[in-house]
Amino acid sequence: MSVVFKTKTGVTTALDKVSFDIAPGSFLSVVGPSGCGKTTLLKILSGVLQPSGGRVLFDGEPLARTKVQGQVGYVFQRALLLPWRSALDNVMLTLEVARRGMSRSEREAEARHWLKVAGLAGFEHRFPHELSGGMQQRVSICRALAFRPRILLMDEPFAALDEITRETLQEELLRIWAQTETTVVFITHSIPEAVLLSEQIVVMSARPGRVLERINVPFARPRTEKIREMPDFAALASRIRGLLRPRDPASAPVPAMAEV
Ligand SMILES: Nc1ncnc2c1ncn2[C@@H]1O[C@H](COP(=O)(O)OP(=O)(O)OP(=O)(O)O)[C@@H](O)[C@H]1O
Ligand SMILES: [Mg+2]
């Protein structure tokens, strides 16, 4: 599958013959340099963007927006909350759309639960402009998790958070993932974060984005922060770092490497 953007200033190949499958219920991370097409990939998976070439299959059929709607939770790189709705109402909104069977009080209880998990108890009635950037991002994570989507697409969701909050939400995410059949596609710039969370990691090259390698992460679950101290953890992180480090163009041009 490829994505080419045509603009007034020229043509950009964002994704070049990217091909991989995502097993239902798996946790897959994508790492790669800025601009390599990670957000573009999530847009394709959510159905808002069509590939320029190739195809994307969902349950064995071409992925159509209508089919994935209501089944996909999307945590954007920026929070994108509705400014006129409180934190609680922002989280309840997806429940209104995706969980029509729920009563208002059930929706409110569910939304309050997630805000509490994300450390936002007491901030339910604040409007987005009254929250910090990290708090807004936590609301947006709650919004996606609350309706328990079949597929959760997360675009660097924890990048703007402080370390302790990030660790709490990483643990929560793993807990939710273990308890549900949600398939997670997680984008991150943090190699340790990808290794800690994922079953598989897709490593992408600089633009045009290609799959350099797909790596299995063999560590047992449940995983805790402790695994960061294991030698195997460091070895795997270092291998991924090696793949991402720009090569000397004279000795190993990136395109040649990507074709291996
Ligand atoms: N709508 C668009 N029109 C034109 N070019 C675009 C569009 N969206 C993305 N691009 C280009 O496609 C490439 C990939 O962009 P994308 O946002 O997917 O990168 P990314 O890997 O998510 O980067 P980052 O890590 O910085 O978020 C970039 O060169 C970008 O300029
Ligand atoms: Mg991006």
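Reader: How far apart are the end C-alpha atoms of residues 1–231, and how much of the span is helix and how much strand?
Author: This is a predicted model. The UniProt record, an unreviewed entry, annotates residues 1–231 as "domain: ABC transporter". The span is 34% helix and 19% strand. Its end C-alpha atoms lie 36 Å apart.

Reader: Which element gives the largest share of the shell around ligand 1?
Author: The shell has 16 residues, and among those that come nearest are Ser-34, Gly-35 and Lys-38. Three elements each supply at least two shell residues: β1 (3–7), β2 (10–15) and α1 (38–46). The largest share is 3 residues, and it comes from α1.

Reader: How do the residues of that shell around ligand 1 divide into nonpolar, polar and charged?
Author: Take the polar atoms at the ligand first. An oxygen atom of ligand 1 is 2.8 Å from a polar backbone atom of Gly-35. An N or O atom in the side chain of Thr-39 is also 2.8 Å from an oxygen atom of ligand 1. The shell around ligand 1 divides into 4 nonpolar, 9 polar and 3 charged residues.

Reader: What share of the area of ligand 1 does the protein bury?
Author: A polar side-chain atom of Ser-34 lies 2.5 Å from an oxygen atom of ligand 1. Taken alone, ligand 1 exposes 640 Å². Of that, the protein buries 68%.

Reader: Which residues coordinate the magnesium ion, and how many residues apart are they?
Author: Ligand 2 is the magnesium ion, and its donors are OG1 of Thr-39 and OE1 of Gln-77, at 2.0 to 2.5 Å. The pair links distant parts of the chain. Thr-39 is in helix α1, while Gln-77 is in the loop between β6 (72–75) and α3 (87–98). Thr-39 and Gln-77 are 38 residues apart.

Reader: Why do Thr-39 and Gln-77 count as partly exposed?
Author: Partly exposed runs between the buried cut-off, under 20%, and the exposed one, over 50%. Thr-39 has a relative accessible area of 24%, so it falls in between. Gln-77 falls there too, because its value is 41%.

Reader: How many residues of α1 are buried?
Author: The buried residues of α1 include Leu-41, Leu-42, Ile-44 and Leu-45. Lys-38 and Thr-40 are buried as well. Helix α1 is largely enclosed by the rest of the structure, because its buried residues number 7 of 9.

Reader: Is Glu-225 buried or exposed?
Author: Glu-225 is found in the loop between β10 (211–216) and α8 (231–244). Its side chain makes a polar contact with the side chain of Arg-228, at 2.5 Å. The relative accessible area of Glu-225 is 19%, and the cut-off is under 20%, so Glu-225 is buried.

Reader: Is Lys-226 buried or exposed?
Author: Lys-226 lies in the loop between β10 and α8. Lys-226 has 60% relative accessibility, and the cut-off is over 50%, so it counts as exposed.

Reader: What is the phi of Lys-17?
Author: Lys-17 lies in the loop between β2 and β3 (27–31). It counts as exposed, at 65% relative accessibility. Its phi is positive, in a residue other than glycine, and near 50 degrees.

How values were computed. Residues are numbered from 1 along each chain as its sequence is written. Chains are lettered from A and ligands numbered from 1 in the order in which they are written. This is a predicted model: local features need pLDDT of at least 70, side-chain atom pairs count only at pLDDT 80 or more; totals for chains, interfaces and linings use all residues. Side-chain values use heavy atoms; hydrogens and water are left out. A residue is near a molecule or strand if one of its heavy atoms lies within 4 Å of it. A polar contact is a pair of N or O atoms within 3.5 Å; within protein, one must be able to donate a hydrogen and the other to accept it, and residues adjacent in sequence count only if both atoms are side-chain atoms. Accessible areas come from the Shrake-Rupley method with a 1.4 Å probe; for residues, only the protein chains shown count as cover. Helices (H or I, at least four residues) and strands (E, at least two) are DSSP runs, numbered from the N terminus. Ala, Val, Leu, Ile, Met, Phe, Trp, Tyr, Cys and Pro count as nonpolar, Asp, Glu, Lys and Arg as charged, and the others, Gly among them, as polar. Donors are N, O and S atoms within 2.8 Å of the metal (3.2 Å for Na, K and Ca); water is not among the atoms, so sites may look incomplete. Buried means under 20% relative accessible area, exposed over 50%, partly exposed in between (1.4 Å probe, protein chains only). UniProt positions are given in the numbering used here, feature names are shortened, and annotations may be inferred rather than shown by experiment.
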